[in-house]
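Me: I would like to learn how to read a predicted model, feature by feature. Could you take me through this one?

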Amino acid sequence: MDCIFCKIASGAIPATLLFEDEEVVAFADRNPQAPVHVLVIPRRHIASLAQAAKTDDALLGHMFGTVAELARTLQLANGYRSVINTGPDGGQTVEHLHVHLLGGRGMTWPPG
Ligand code: AMP
Ligand code: ZN
């Protein structure tokens, strides 16, 4: 499968890894939108949140637990934003599920 995030998870293409375990990989976004911009992905290919099954609930929880742990490690004590873009209307551009962790500056609301 020609999926750039699967290739990052397998080590086939390089990324700046911040964390990995058997289930998830976290790496720096190559086009950062904030001083901290990290992506947390499942190792297993899931195209988007819309494709996640009920049996993926524990994995989804682990992804967000990883976000929270990374935010502590990266000392985002003043807060941060965690976002999943889903599908065309959600602004998703890479079709492998990922959570954005954005921090290090104040965020605005509503998003564009
Ligand atoms: P989204 O628009 O929610 O699908 O987000 C995709 C994100 O992946 C964007 O923020 C991109 O900058 C990022 N991205 C795409 N390719 C790479 C890559 N090879 N390494 C790191 N980040 C990437
Ligand atoms: Zn993939």
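Me: Which side-chain atom lies 2.8 Å from an oxygen atom of ligand 1?

Reply: A polar contact is read from a pair of N or O atoms within 3.5 Å, and in this predicted model a polar side-chain atom of Asn 85 lies 2.8 Å from an oxygen atom of ligand 1. Taken alone, ligand 1 exposes 500 Å², of which the protein buries 87%.

Me: How many residues surround ligand 1?

Reply: There are 16, and the closest are Asp 29, Asn 85, Thr 93, His 98 and His 100.

Me: Which residues are the protein donors of the zinc ion (ligand 2)?

Reply: A metal site is read from its donor atoms and the angles among them; here the donors are Cys 3 (SG), Cys 6 (SG), His 45 (ND1) and His 96 (ND1), at 2.0 to 2.3 Å from the zinc ion. The angles among these 4 donor atoms run from 106 to 117°, and the site is tetrahedral.

Me: What does the pair of histidines, His 45 and His 96, tie together?

Reply: His 45 lies in the loop between β3 (36-42) and α2 (57-73), and His 96 in the loop between α3 (87-90) and β5 (99-103), so the pair ties together parts that are 51 residues apart in sequence. His 45 counts as partly exposed, at 28% relative accessibility, whereas His 96, at 0%, counts as buried.

How values were computed:
Residues numbered from 1 in each chain as written. Chains lettered and ligands numbered in written order. Predicted model: local features only at pLDDT ≥ 70, side-chain atom pairs only at ≥ 80, totals over all residues. Heavy atoms only, no water. Donors = N, O, S within 2.8 Å, 3.2 Å for Na, K, Ca; no water. Tetrahedral: all angles 85-135°; square planar, octahedral: opposite > 155°, others 65-115°. Helix = DSSP H or I, 4+ residues; strand = E, 2+ residues; numbered from the N terminus. Buried < 20%, exposed > 50% of the residue type's maximum accessible area, 1.4 Å probe, protein only. Near = heavy atom within 4 Å. Polar contact = N/O pair within 3.5 Å; in protein donor to acceptor, adjacent residues only side chain to side chain. Areas by Shrake-Rupley, 256 points an atom, 1.4 Å probe, with all protein chains shown as cover.
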